[in-house]
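Please read it alongside the sequence and the coordinates.

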Amino acid sequence: MKSIKILIIILSLVFSFLFIDKGLYLNASKEHPVILKEDTLIESISYRKKLKFNWIMGNSSSNIDLKQDDSIDQMVYSFENESILDTFINDNRNIRISNNYTNIEGILSFRGNNLRDLSSFNISNMEDETLKKAWTFETSLVTGNHNKNFGPWGGGVGWTGQPTVIKWERDIKNIMNIKDKFKNKENFSEVIIGSLDGKIYFIDLDTGEETRKPIDIGNPIKGTVTLDPRGYPLLYVGQGVPEVGSIGYRIYSLIDGKLLHFINGKDNFAIRKWGAFDSSPLIIKESDVMVLGGENGLLYIVKLNTDFDIKTSKINVNPKIIKFKYQVKGSYYPGIESSISGYKNLIYWPDNSGNITCFDLSTMEPKWVWNGMNKDDTNTTIVLEVINDKPFLYIGSELDKQQNKTKGAYFKKLDGLSGDVLWENKYDVFSGGSYSNGGIYSTAVLGDEDMENLVVYNVARVNKANQGIMVAVDKNSGEEMWRWNMKNYPWSSPISFYNNEGKGYLIQCDSLGRMWLINGKTGDRITNIDLEMNIEASPIFYNDMIIVGSRGNKIYGIKVE
C-alpha cells in the first residue's frame with residue numbers, strides 16, 4: 001500500500017511538471033500570457049440597499065476596471081473560436097449585467113438574479129405562522145423500459161431542482177400553448193420545474209393543475225430551469241445525467257415547446273468528457289448574451305442572436321459561442337456545477353477542484369483565481385453582496401479530495417475585487433464510505449431587515465453521518481450567532497422571506513422530507529410539515545406560497561398562513 005501511495009505522488013508531480021506548468025494539455029490555438037495593467041481606481045458610486053425586494057441596487061453606468069492579479073500566474077487558459085473573440089470584445093466593450101436583472105414579476109432562475117440572492121418574491125401576509133399543504137402535483141415514476149434507461153433516478157425533483165415562477169405579460173401569454181382556461185385566468189402565475197423523469201412540468205401556482213403539456217428532454221434534469229429575463233417565451237435547461245442519447249444544454253421555445261438549439265456537452269475542446277449541465281446560466285438581457293458553466297470544465301459565452309416577432313408568434317435563436325477552457329496549477333478536477341454569479345462586467349464561479357475564478361466579460365480575461373490550501377469540490381453557488389460598488393462573495397465547499405491535516409468543509413467570505421479571504425469557518429464532517437460526501441451543497445441566504453447582519457447556511461453530515469447543522473453567522477466577522485443541530489442532514493438551500501414589520505423567516509427542508517419554518521433572527525423552530533420523502537431541491541417563496549419538489553415523485557404547493 002505504501003509503495004502505491006509513493007507511485008501516485010510521483011505520477012502527480014510528473015503530471016504537474018509536464019502538463020500544468022507548461023500548459024501543454026490545452027492543445028490551444030493560442031496561449032494568453034499574463035498582462036498586468038496599471039492599477040486604476042474604481043469609480044465610487046452611491047449604493048442603495050435592497051429593501052423589501054427592491055430590484056434597484058445601484059448605478060450601472062460604468063464597468064469595474066480591475067487589473068489581473070498575480071494569482072493568474074497559476075492558471076493556463078485558452079479560447080475556442082478565436083476568430084470571433086476579437087469581434088465579440090469590440091462589440092461588447094461596455095457589456096455589463098444590469099442592476100435591474102429583470103422587470104418581469106417572478107423568480108426566473110436559480111436564486112432569481114445575477115447576485116443569486118433572490119429566493120423569495122413579495123412581502124408575506126402570514127399571521128398564524130403555520131404551513132399548510134395547498135396542492136400536490138405528481139411527476140411520472142419512469143416505469144417500464146424507460147426505467148431501465150434512467151436507472152435509479154426515478155421521478156420527482158433532485159439537486160438543485162429549484163422551481164421557477166412567472167407572471168406572464170398578457171400578450172406573451174396569449175401566443176403560447178397554455179391551456180385556454182389559464183390564458184383567461186386573472187393574475188395567472190405559472191410554475192415551471194424540471195424533473196428527474198426527464199420532463200419539464202408547467203403548473204398553475206394557485207391550484208397545482210397542469211397548465212400545458214410537459215416538455216420531455218430525454219434525460220434526468222437535476223438543475224434549475226431558467227426563463228428569459230426579458231419576458232421572452234424562451235426556456236433554458238441542462239441535463240444532469242447521460243442516461244439516454246445526447247447530453248448537453250437546450251434552449252426551447254415556449255410558444256410551441258420546440259427545441260431551438262442544443263449545445264453538446266461532450267466537447268472535444270473540453271478537458272473533461274462529462275457532458276452534464278447542473279448549472280443555471282446568466283442571461284444578460286441588454287447584450288443578448290448567455291453565460292453558462294459546464295461540468296466538462298468549459299465556460300460558455302454565447303451571443304444568442306434572438307429573433308422574436310410577437311406579431312407572427314415566432315421566436316428563434318442563432319447562437320455564436322465562445323468557449324473558455326482553463327486549468328489551475330495543482331488542480332485535476334475540472335467542472336462547473338454551480339450557477340454563474342455576476343456584478344456589472346465581472347462574473348464568478350467555483351469549480352470541482354475548489355478554485356474560485358473572477359472573469360471580466362468586457363475584456364474576456366480572468367482577473368484572479370483563488371487556489372487556497374483548503375479548497376475542495378464546490379457545487380454550491382456564490383452569493384454576492386455589493387457594498388459601495390464592491391462585490392463580496394459567500395461560498396461553501398464539501399469534503400471530497402482534501403488530504404491535508406486541516407481537511408474539512410469550509411464556508412468563507414471573499415473580497416470580490418482581490419480574491420482575498422476575509423474570514424472562513426471550518427466544519428468537521430463525515431465523508432466517503434457508503435454515503436455521499438459531507439459538507440455544504442446548498443446556497444446561502446443573505447439576511448435583510450431584522451436579519452440584516454446575518455448570512456445563513458447549512459452543512460450536511462455533521463455530528464453523525466445522517467445529521468447536519470444550520471448556522472447563522474455575522475456577515476462582517478463570520479462569528480456564529482446561532483446554530484441548529486439537525487437530526488436529518490440538508491442538501492436543500494434555505495430561503496428567507498419577511499413580513500410587513502421586517503420580521504424575517506427561514507424555510508429549511510431536510511433529507512427526511514420535513515419542511516421547517518424558522519425564526520430567522522433567533523433560529524427558533526416555529527413549526528414543520530411532513531412531505532414524506534427526501535428533499536434535495538431548493539424551494540422558492542412567491543406570494544405566500546412555497547413551492548418545492550421531493551425525490552418521491554411529488555411537487556408541493558405549501559401555503560403560509
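E80 and K323 form a salt bridge in which the closest N and O atoms are 2.9 Å apart, a salt bridge being a side-chain nitrogen of Lys or Arg within 4 Å of a carboxyl oxygen of Asp or Glu. This pair links distant parts of the chain, since E80 belongs to strand β1 (residues 75-80) and K323 to strand β18 (residues 320-328), 243 residues apart; strands (E, at least two residues) are DSSP runs, numbered from the N terminus. The model is predicted, with local features needing pLDDT of at least 70 and side-chain atom pairs counting only at pLDDT 80 or more, while totals for chains, interfaces and linings use all residues. Residues are numbered from 1 along each chain as its sequence is written, and side-chain values use heavy atoms, with hydrogens and water left out.

**Salt bridges**

- The structure holds 22 salt bridges, and E80, D267 and K323 are linked in a network of them.
- R230 pairs with D288, their closest N and O atoms being 2.8 Å apart; because R230 lies in the loop between β9 (226-227) and β10 (234-238) and D288 in the loop between β13 (282-284) and β14 (289-293), the pair ties together parts that are 58 residues apart in sequence.
- R230 is buried, with a relative accessible area of 18%, and D288 is buried at 11% relative accessibility.

**Cavities**

- There are four cavities of 30 Å³ or more, a cavity being a set of points on a 1 Å grid over the protein atoms alone where a 1.4 Å probe fits but cannot get out.
- The largest cavity has a volume of about 70 Å³, where grid points are joined across faces, edges and corners and a volume is the space filled by probe spheres set on the points.
- Of the 15 residues lining the largest cavity (those with an atom within 4 Å of a point), the closest to its centre are F110, W159, T160, N379 and T381.

Conventions:
1 Å grid on protein atoms, 1.4 Å probe; cavity = no way out; pocket = protein on both sides within 12 Å on 5 of 7 lines; lining within 4 Å. Helix = DSSP H or I, 4+ residues; strand = E, 2+ residues; numbered from the N terminus. Buried < 20%, exposed > 50% of the residue type's maximum accessible area, 1.4 Å probe, protein only.
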